[in-house]
Amino acid sequence: MTTANAAAKTMTQTWQPLCTRADLVPYSGVAAWVETPEGPAQVAVFYLPGHAQELYAIDHHDPFSSANVIARGIIGDLKGQPVVASPIYKQHFRLEDGQCLEDEAVTLRTWQVSFKGDEVWIEA
Amino acid sequence: MNTPAKPQLIIIGNGMVGHHLVEQLVERGATERYRITVFGEERHLAYDRVHLSEYFSGRDADSLALSTSDYYAEHGIELRLAEAVVAIDRNKGEVVTDQGRTPYDRLVLATGSTPFVPPIPGNEREGCLVYRTLEDLDAIRAAAETATTGVVVGGGLLGLEAAGALRGLNLDTAVVEFAPRLMPMQVDSEGGELLREKIEAMGVQVLTGRATQAIVDGEASRHRMVFQDDKVLETDLIVFSAGIRPRDELARDSGLTLGERGGVVIDDRCLTSDPAILAVGEVALWQGSIFGLVAPGYQMAKAAAATLLEGDEPFKGADMSTKLKLMGVDVGAIGDAHGDRTPGARQFRFLDPIKQQYRKLVVSSDGRRLVGAMLVGDNSVYDTLLQYYANRIELPEDPASLILPAGGDAAPALGPDALPDTAMICSCHNVTKGDVCATIDAGAVDLGAVKGSTRASTGCGGCAALLKTLVDHELESRGVEVDKSICEHFSHTRQELYDIVRVEGIKTFRELMEKHGNADTHGLGCDICKPAVASILASCFNEPITDAAHIPLQDTNDTFMANMQKNGTYSVVPRVPGGEITPDKLVVLGQVAQRYGLYTKVTGGQRIDLFGARLEDLPAIWGELIEAGFETGHAYGKSLRTVKSCVGSTWCRYGVQDSVGMAIRLEHRYKGLRAPHKIKFGVSGCTRECAEAQSKDIGVIATENGWNLYVCGNGGMRPRHAELFATDLDDEALYRTIDRFLMFYIRTADRLQRTSVWRENLEGGLDYLKEVILEDSLGIGEELERQMQTVVDTYECEWANAISDPEKLKRFRSFVNDARPDPDIITTTERGQFRPA
């Protein structure tokens with residue numbers, strides 16, 4: 001699964017517009033649909049104005065509760081790494097690479113995102 | 001195929017010690033070995049006699065109970081209450097009750113003691129009572145209803161406790177003591193004088209050196225007590241509390257060896273002169289002494305349990321040092337407090353007549369060991385002195401420093417380091433420092449775990465502070481950081497953060513992080529500190545939680561002002577103050593639920609919960625609810641939830657006050673108040689307590705004269721009865737007291753700490769809380785009221801605020817780039833309603 005994703009990424013991913021800066025909530029998250037080579041996916045986009053990396057995109061789907069809620073989690077930093085806490089059972093996921101801090105075996109998908117002017121673009 | 005019957009063990013008496021013996025036997029697996037039957041004369045299961053006086057200040061028999069009949073049933077122990085044993089037939093090996101005879105193989109006497117009633121003519125008159133059992137207390141309460149004055153005969157420990165109880169029943173109270181001073185066993189004449197002053201200052205008349213000669217008909221009151229000098233005292237009610245006498249009649253009648261002045265003689269293994277029979281507690285006489293305290297009784301129970309299982313854990317006597325709080329006055333006595341049992345002993349004394357404190361040290365002739373101590377008015381050095389005494393720790397060069405006022409040349413309190421492993425920490429459960437350390441070595445990581453496994457500090461609770469210090473110290477010394485920081489972002493406790501926010505007027509998380517956050521983080525905070533700070537900011541300034549600066553701090557439920565359920569949908573709970581709702585509003589709730597496909601359920605807090613609302617539907621749902629006159633119910637917040645009420649005097653034929661009206665006023669006053677955790681209220685219109693107010697953080701129960709206030713109750717996982725805090729308050733005094741109480745809780749509690757746990761961890765306990773709130777001992781009463789008024793004045797319905805602001809509604813979209821609902825939310829139907837599939 002992971003290798004398939006990685007392969008797909010390198011082969012067919014393209015940058016596409018996702019939403020606008022005004023759609024974002026500073027220091028918090030919103031959810032959006034994105035078209036990926038494997039089909040439509042729900043992505044959580046977090047906006048940290050003033051930080052070295054201002055935008056992160058990560059799976060909106062919470063594997064522990066099977067609900068689509070990650071964008072509604074609380075943002076924080078633990079041991080120097082930006083994380084989001086699942087709003088249901090409170091597991092932490094690193095925004096950088098989607099790694100779950102409580103369970104090594106669980107990783108969320110992540111995407112590259114950046115601003116183009118006031119538009120938010122995602123590589124998916 | 002009969003298995004041989006197990007031998008029958010009978011325990012006579014189900015008091016504190018009798019019950020402790022049962023627990024010891026259960027713990028040691030004795031139920032495998034014996035069939036156990038317990039006879040109790042009272043109809044109540046064993047209860048906490050140490051805290052008996054609290055029966056008059058709101059605790060009931062259930063909350064004083066030490067166990068449950070389920071516990072006995074679960075372990076196969078037959079419990080026969082309200083069945084007094086009237087004889088022991090040692091020839092046949094049977095005990096006799098009015099129900100019949102029961103054979104025994106082993107027998108334990110745990111019959112305790114009775115109050116000694118001096119042989120005064122007239123002592124059997126109606127209204128002449130004793131103070132020992134719940135039934136005695138019921139009788140005192142009943143007699144007090146038609147009395148205006150009361151006298152306690154006996155100025156010892158139990159006598160003063162009884163006097164406090166009579167005062168509490170609003171009687172003009174006097175104490176009559178035969179000896180020249182109060183508490184002659186524990187204090188000397190100087191200490192006794194100070195004690196008298198303090199007791200008299202509380203409105204209790206103290207008569208010492210008085211021997212009552214007779215009790216006859218009174219002129220103005222029911223009784224007249226005549227003293228040796230023909231002086232008289234008139235009173236309506238007399239309580240005898242002049243010492244105890246062992247209940248040794250059964251032993252006497254069956255020919256067991258007794259002491260000269262009573263008491264069943266036992267050896268170190270608690271065996272009586274008949275090796276089939278043991279005795280424990282206040283009925284037992286060991287080396288010529290009866291032990292009238294609970295701790296030695298528990299130690300005897302341990303020894304007896306071991307003996308019954310062929311073990312050997314001899315009773316070695318017990319330290320009679322005591323620490324008491326009588327009518328609010330500290331009294332402590334350690335070892336040879338009078339210094340008359342130690343040849344060559346020398347004494348240090350310190351008397352502060354202004355603060356009314358008296359401290360005395362008795363030291364060995366070489367000045368190196370503490371052999372006794374006496375304290376009146378302040379027990380703060382008791383724990384330290386007890387350790388010096390019990391563990392024979394060498395005294396500092398200048399022993400006087402131990403009792404001089406702090407600040408001067410006072411010696412610091414003895415740290416846990418100085419204690420040897422054998423140091424007794426909890427004498428009720430016989431737990432030493434070594435036991436505590438062993439528990440920590442075995443993996444206990446906090447105070448709760450240590451208490452759970454050693455039971456230390458779960459008896460009289462006197463060692464609570466010492467135990468906590470010891471546990472913290474031991475954890476620290478093992479490298480377990482007892483870090484009080486709230487999280488890695490702030491090296492402060494919640495209470496410290498609260499003070500910083502308030503004193504510096506900090507209004508945003510970012511400002512707090514910049515000024516007081518730890519520098520080595522990204523400054524984003526985390527899911528621990530952000531909601532905690534959000535709550536503190538709301539308690540202090542009450543700005544809308546959905547404002548841009550605050551919204552990223554909120555817990556999920558606060559962010560969307562609804563309660564997230566397991567499939568990512570929300571439940572919606574509008575406020576229904578006091579549980580009162582008009583038919584029109586009920587109809588609206590039904591219509592909204594139909595329109596948005598919501599599951600409905602009535603909550604425990606007398607409201608209606610609408611489940612299954614999709615994120616994007618929340619603003620429309622609330623638009624309709626607000627239109628119909630509803631406001632947010634804060635079911636999602638760490639804040640006031642509901643004020644549950646019974647229907648009260650407007651409908652109920654028993655109600656004495658309008659409980660619904662009061663509940664509604666309280667709910668409107670405190671709605672929106674954010675706190676360390678959720679807060680629930682209950683208001684009952686009479687003492688039948690249909691609103692279950694005593695299981696709430698704040699319980700209000702109507703009286704003929706106003707309202708009784710109960711605090712710090714809890715239902716849930718660890719139920720706790722609320723404690724009576726103030727009585728017969730009028731409406732205004734009730735609001736004022738609750739204002740102060742809640743603000744003090746908000747100021748000082750840890751994050752996510754309910755009032756019940758906060759109260760249990762509060763040093764000084766209920767007394768301290770009363771001093772701060774009712775007597776304003778910290779001088780912050782008005783400030784607390786002002787802060788509460790600010791919150792009350794700035795209340796605004798968060799949902800009304802949010803739906804009038806398009807910027808805030810932006811968040812209520814499942815997807816920012818697509819209006820379709822989340823296709824993964826799937827429902828099914830059950831019992832005619834939707835539920836998650």
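This is a predicted model: local features need pLDDT of at least 70, side-chain atom pairs count only at pLDDT 80 or more; totals for chains, interfaces and linings use all residues.
**Helix α16 of chain B and its surroundings**

The crossing of α14(B) and α16(B) is right-handed, a crossing being left-handed if the near helix is turned anticlockwise from the far one by less than a right angle and right-handed if clockwise. The contact is made by R494(B), L497(B), Y498(B), V501(B) and R502(B) on the α14(B) side and by A532(B), V533(B), I536(B), L537(B) and C540(B) on the α16(B) side, where two residues are in contact if their C-beta atoms, placed from the backbone, lie within 7 Å. These residues divide into eight nonpolar, no polar and two charged, with Ala, Val, Leu, Ile, Met, Phe, Trp, Tyr, Cys and Pro counted as nonpolar, Asp, Glu, Lys and Arg as charged, and the others, Gly among them, as polar.

Residues are numbered from 1 along each chain as its sequence is written, and chains are lettered from A and ligands numbered from 1 in the order in which they are written.

Now the geometry. Helix α14 (residues 494–504) of chain B packs against helix α16 (residues 529–541) of chain B at an angle of about 45 degrees, with the axes 10 Å apart; helices (H or I, at least four residues) and strands (E, at least two) are DSSP runs, numbered from the N terminus, and the axes are lines fitted to C-alpha atoms, for helices over the stretch in contact, with angles running from 0 to 180 degrees between N-to-C directions. That angle makes α14(B) oblique to α16(B), since angles under 35 degrees count as roughly parallel, over 145 as roughly antiparallel, 65 to 115 as roughly perpendicular and the rest as oblique.

How many of the 13 residues of α16(B) are buried? The helix is mostly covered, with 12 of its 13 residues buried, a residue being buried if 20 or more other C-beta atoms lie within 10 Å of its own, exposed if 12 or fewer, and partly exposed in between, with C-beta atoms placed from the backbone. The cover includes β7 (74–78) of chain A, together with α14, α15 (509–516) and α21 (731–748) of chain B. Just after α16(B), N542(B) takes a positive phi of about 55 degrees.

Finally, the contact between the chains takes 23 residues from chain B and 29 residues from chain A, and the chain B side divides into seven nonpolar, nine polar and seven charged.
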